[in-house]
Amino acid sequence: MRIALLLAAALTALPALAAEPNITPGQWEYTNVTRFEGMPMPEQTHSNRECITIEDIKKGEAFLEAPEDCQVTHMDLRRDGMKYAMECTQQGVRMKMNADMRFRGNEVDGTMRADMDTPMGPMSMHMNITGRRIGDC
């Protein structure tokens, strides 16, 4: 569960990754809807706000700081979006994650899937991510 929360936090920062993505700097609001397979847990919705600056956007791939014990294994950044993969091992849980994000100026959306090998057995997490610029920082 801790890995899922760390990844959700990392994903909220992803729209600022590309060198010149189609992302407008400003105050952004994100909503992540997460559901788990293989575990009796209700769907979870989390929203947060973040200021994305032009400096953040210019950092490109360097903006993505993988959580501790995680490694980005694939990254495909484009003006209109990105796809990436990450592998993590934390507290005895192995996880492989794939994400696909789309950038549309004042809006972003995407999906993420994480497959985990836990002490309780295999589990999958699916996340739908939406974001929109709501104003200046």
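Mentor: Two strands are said to pair if DSSP finds at least two bridges between them. The strands themselves, like the helices, are DSSP runs numbered from the N terminus, with at least two residues of type E for a strand and at least four of type H or I for a helix. The model is predicted, so local features need pLDDT of at least 70 and side-chain atom pairs count only at pLDDT 80 or more, while totals for chains, interfaces and linings use all residues. Residues are numbered from 1 along each chain as its sequence is written, and side-chain values use heavy atoms, with hydrogens and water left out.

The chain contains 2 helices and 7 strands, which follow one another in the pattern α-β-β-α-β-β-β-β-β along the sequence. The 7 strands form an open sheet with antiparallel pairing, in the order E2-E1-E7-E6-E5-E4-E3. From one strand to the next, the twist averages 15 degrees; axes here are lines fitted to C-alpha atoms, for helices over the stretch in contact, and angles run from 0 to 180 degrees between N-to-C directions.

E1 and E7 run antiparallel and are joined by 11 bridges. Within this pairing, Trp28 has Arg133 of E7 as its bridge partner, and Arg35 stands opposite His126 in E7. On the pairing of E6 with E7, also antiparallel, there are 12 bridges, and here Met112 stands opposite Met127 in E7. E6 and E7 form a hairpin, with 2 residues between them.

Buried means under 20% relative accessible area, exposed means over 50%, and partly exposed covers the range in between (1.4 Å probe, protein chains only). The largest such core has 26 residues, and those with the most contacts inside it are Tyr84, Met97, Val108, Met112, Ala114 and Met116. At least two residues of this core come from each of strands E1 (26–37), E3 (70–78), E4 (81–90), E5 (93–103), E6 (107–118) and E7 (121–135). E5 supplies the largest share, 6 residues. In soluble globular proteins, nonpolar side chains tend to be buried together.

Apart from neighbours within four places in sequence, Ala114 is in contact with Met95, Lys96, Met97, Met123, Ser124 and Met125, contact being heavy atoms within 4.5 Å. Gly81 is buried, with a relative accessible area of 0%. Beyond residues up to four places away in sequence, Gly81 touches Asp76, Met101, Arg102 and Phe103. The C-alpha atoms of Gly81 and Ile23 are 9.5 Å apart, although 58 residues separate the two in sequence.

A salt bridge places a side-chain nitrogen of Lys or Arg within 4 Å of a carboxyl oxygen of Asp or Glu, and the whole structure has 12 of them. One joins Glu29 and Arg132, whose closest N and O atoms are 3.1 Å apart. Glu29 lies in strand E1 and Arg132 in strand E7, so this pair ties together parts that are 103 residues apart in sequence. Arg132 is partly exposed, at 45% relative accessible area. Another salt bridge connects the side chains of Arg94 and Asp117 (3.4 Å, N to O). Arg94 belongs to strand E5 and Asp117 to strand E6, so this pair ties together parts 23 residues apart in sequence. Arg94 is partly exposed at 46%, and Asp117 is partly exposed at 40%.

Arg104 and Asp109 form a salt bridge with a distance of 2.2 Å, N to O. Arg104 is partly exposed, with a relative accessible area of 41%, whereas Asp109 is buried at 16%. Both residues belong to a network of salt bridges that links Asp100, Arg102, Arg104, Glu107 and Asp109.

Finally, for the chain as a whole, 45% of the 137 residues count as buried. Among contacts between residues at least 6 apart in sequence, 50% join residues at least 24 apart.

Conventions
Core = buried A, V, L, I, M, F, W, Y, C linked by side-chain atoms within 4.5 Å.
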